[in-house]
Amino acid sequence: MNCRMSRKILVIGAGLGGLAAAIRLARLGHAVEVWEKNEGPGGKVKELRVGEFRWDTGPSLLTMPHVLRELFAACGERMEDHLELVRLESACRYFWSDGTVVDENAAFWAQPEVAAFLEYARGIYELSGEAYLNHPPGDFWRAFTPRNWSKLRHLGKVATTRTLAAEVERRIFDPHLRQIFLRFATYNGSSPYITPATFNIIPYVEAEFGAWYVRGGMARIAEALHALALRQGVTFRFNTTATGWDGAEATTQDGFRGKAHFLVCNADVLSAAADPSPGGRRLPLLANIFGAKDRENILRPPLSTSGFILFLGVRGRDPRLGHHNIFFSDRYREEFAEIHARKINPTEPTIYISISSRTDPDHAPDGHDNYFVLVNAPARDPKQPWTEAEGIGYRDVVLKRLDKFGFADLASRIVAERIFTPSDFAARDLAHHGALYGWASHSIRTSLFRPPLRAPDARNIFFVGGTTHPGGGIPLVLLSGKMVAELIQRETA
């Protein structure tokens, strides 16, 4: 506790970014209260239960675990006393329709072609990692002290007009390995054929820091951070929807009022900026903070992907499958064109299946598995929502595609099932058009200069979460909370 002047801070939303900001600000001595519209913490990091089946409904993989560990350490605690992290021997098992199967394990990263690519990607991380991951864009310069000047030798790897795909194709010649490295663009909801080559940093991060699972499910992270926040003195109001903010006081749907010196919004920045419309998901709390020009600038860039999910309880345990599995499309470039250019569901989708019961057997009954089946889908205007019939029809497309990989009997073995569409992401998370990461990272601007951590023309309103800087994914969202806490601390010092 080292703040010079304590302030009252209101955090709207108990997602991981909001929790991280609340924890750090309370640790600094501020009075922090969190309002959350849902009944519990976590944001997208939630759990679904049907009978004896359990599924994580959000992220299924943790990278850069040191970011989470450091958050506990900042409070004088050990992460290991609250969470058990399991490093997966294989980060993913990849399947192609020609029968090829590749595991992303130590032997994979040691292949000469792959090792050479990692050495190239390591240079991107050395040059840009510290600046991008630890500072808001306006403070990138703070990372380039004299001790780091030698890293400028990697500048050509970052200051390039090549796309991720173009750079991969220059450096990797095996077609199966190429497709694996193209896939990493989907980690931020983008197309590898458009996103800048800088994002070839992603496989380096996964190889260097590992692919991890949290024992009990990823939702345990939200529970542990909620408990950590309570120990720091943070107070929570769940089932509370904020409906107004006048710069000094917020109101709720039931008329409750709360004064605050600073507001931290853990919500989709694009939803906060969107124009009001009948049936829209506009956040009335922030109705007046974006001017017309700011709104236009924030809403103009193309959106990231959304997701179509099948939660399947499956009888039998197929020995071909691992914890994480990818079944690649034979028409990969066309798949991304359908999503990002034509705005239609892929006709031949790449399919991701996570089976946490392979690491946590109690996530499914004996002799069964819990399939989390995800397909990338385009973000969609809420005026054209997914219908139940469309969801069922696309479910059949996904299962039929899996027939090509030898899973013709899968449909007959399903004993529990739920469908979750982009429209559900929009409704549950107030995600703009259901986009999972806000902007697609399809330009230098949308990659490096995402919607700001501080609201335009409002010095006491800040954003955290996956749609602001530095981006989506558990570690980046936690880092957004750290950066906002530091910015507020500067204001109070």
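Predicted model: local features only at pLDDT ≥ 70, side-chain atom pairs only at ≥ 80, totals over all residues.
A residue counts as buried here at under 20% relative accessible area, as exposed at over 50%, and as partly exposed in between (1.4 Å probe, protein chains only).

Numbering runs from 1 along each chain as its sequence is written, and side-chain values use heavy atoms, with hydrogens and water left out.

Now the aromatics. Rings of Phe, Tyr and Trp (its six-membered ring) pair if their centres lie within 6.5 Å, with planes under 30 degrees apart counted as stacked, over 60 as edge-to-face and the rest as tilted. The whole structure holds 29 aromatic pairs; here are two of them.

| Pair | Centre distance | Plane angle | Type |
|---|---|---|---|
| Y94 and F328 | 5.7 Å | 10° | stacked |
| F311 and F372 | 5.6 Å | 65° | edge-to-face |

Y94 and F328 sit 234 residues apart, and Y94 is buried too, at 0%. F311 and F372 are 61 residues apart; F311 is buried at 3% and F372 at 6%.

F311 also turns up around F420: leaving out residues up to four places away in sequence, F420 touches G307, F308, I309, F311, F425 and R428 (contact means heavy atoms within 4.5 Å). F420 itself is buried, at 16%.

Definitions and conventions
Helix = DSSP H or I, 4+ residues; strand = E, 2+ residues; numbered from the N terminus.
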